[in-house]
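Thanks for making time this morning. I would like to walk you through one model, so please have the sequence and the structure open as I speak.

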Amino acid sequence: MRITSEVAVRIRPLLAKEVLHRHQVCVRVVPGSSQVMLGSDRLFSFEHAFGPESSQDQVYEACVRPLLDTLLEGYNATVFCYGQTGSGKTYTLEGGSLGTIYRKITKVFIVHISYLELYKEELRDLLELPTVHKPLHIREDNKGNTGKHNVSFQLMVQQCVIRVVTLLSLMIKV
Ligand SMILES: Nc1ncnc2c1ncn2[C@@H]1O[C@H](COP(=O)(O)OP(=O)(O)OP(=O)(O)O)[C@@H](O)[C@H]1O
């Protein structure tokens with residue numbers, strides 16, 4: 001099996017409260033490149049680098065759209081957001097009035113979507129109403145596989161992302 005991956009970094013704009021507290025921007029995209037400069041002398045390279053002015057569409061076109069084509073060729077694809085709290089993961093997936101993941105919805109088919117967050121050791125169902133908190137547990141079976149109920153956790157996360165991406169591809173092709 002051949003696995004390829006691309007890493008993109010996105011720098012979000014300062015929030016109003018950060019501006020109010022006179023926080024300073026300490027990282028910037030090197031113009032015309034996919035590198036970011038931390039401070040004045042620490043350079044990091046990525047496959048894609050998006051500055052604070054980047055739009056949801058730009059991120060979508062560069063990072064998600066190409067996966068849909070490979071998905072239709074039969075490959076698996078995963079979009080994974082990683083970052084400290086408040087760094088913009090949710091915004092990138094859902095942000096604005098319609099986010100990267102949802103903005104292409106023009107027609108709805110029968111779809112099954114799982115949307116999970118793994119924070120430290122805690123699993124949260126992000127589609128659950130905020131008023132209904134049902135803790136999910138990661139369990140280990142007698143073979144040492146971790147999972148939620150009988151489903152391999154890794155497989156489950158992979159499947160839910162694939163389902164979302166499949167949904168997007170359906171929506172884009174209609
Ligand atoms: N690219 C962006 N442009 C404008 N605002 C943004 C951007 N990215 C994030 N924000 C804003 O920053 C705040 C924090 O973002 P967000 O909630 O997406 O972070 P998060 O990484 O999902 O945090 P957590 O891990 O705590 O859920 C929000 O108010 C969001 O609207």
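Strands here are DSSP runs of E of at least two residues, numbered from the N terminus. Strand β6 covers residues 116-119 and strand β7 residues 122-125, and the two pair in the antiparallel sense over four bridges, where pairing requires that DSSP finds at least two bridges between the strands.

Residues are numbered from 1 along each chain as its sequence is written.

Next comes an open sheet of three strands, in the order β2-β3-β4, with antiparallel pairing. Its edge strands, each pairing on one side only, are β2 (27-29) and β4 (42-45). Three bridges join β2 to β3, which spans residues 35-38, and Arg28 has Met37 as its bridge partner in β3. Three residues lie between the strands in the hairpin of β3 and β4, where Gly39 takes a positive phi near 65°.

What surrounds the ligand? The residues near it, meaning those whose C-beta atom, placed from the backbone, lies within 6 Å, include Arg12, Pro13, Leu15, Lys89, Thr90 and Tyr91. By class, the shell has three nonpolar, seven polar and two charged residues, with Gly counted among the polar ones. At least three residues of the shell come from each of domain 1 (1-54) and domain 2 (55-173), the bounds being from an automatic or database domain assignment.

Finally, confidence: the mean pLDDT (the predictor's confidence in each residue, from 0 to 100) of the protein chain is 76, and 68% of its residues reach 70 or more. Over residues 105-111 the pLDDT stays under 50, and the model has seven contacts there beyond four places in sequence, a contact being two C-beta atoms, placed from the backbone, within 7 Å. Where pLDDT is low, the predicted coordinates should not be read in detail. For the complex, the predictor gives an ipTM of 0.99 and a pTM of 0.69.

Technical notes. This is a predicted model: local features need pLDDT of at least 70, side-chain atom pairs count only at pLDDT 80 or more; totals for chains, interfaces and linings use all residues.
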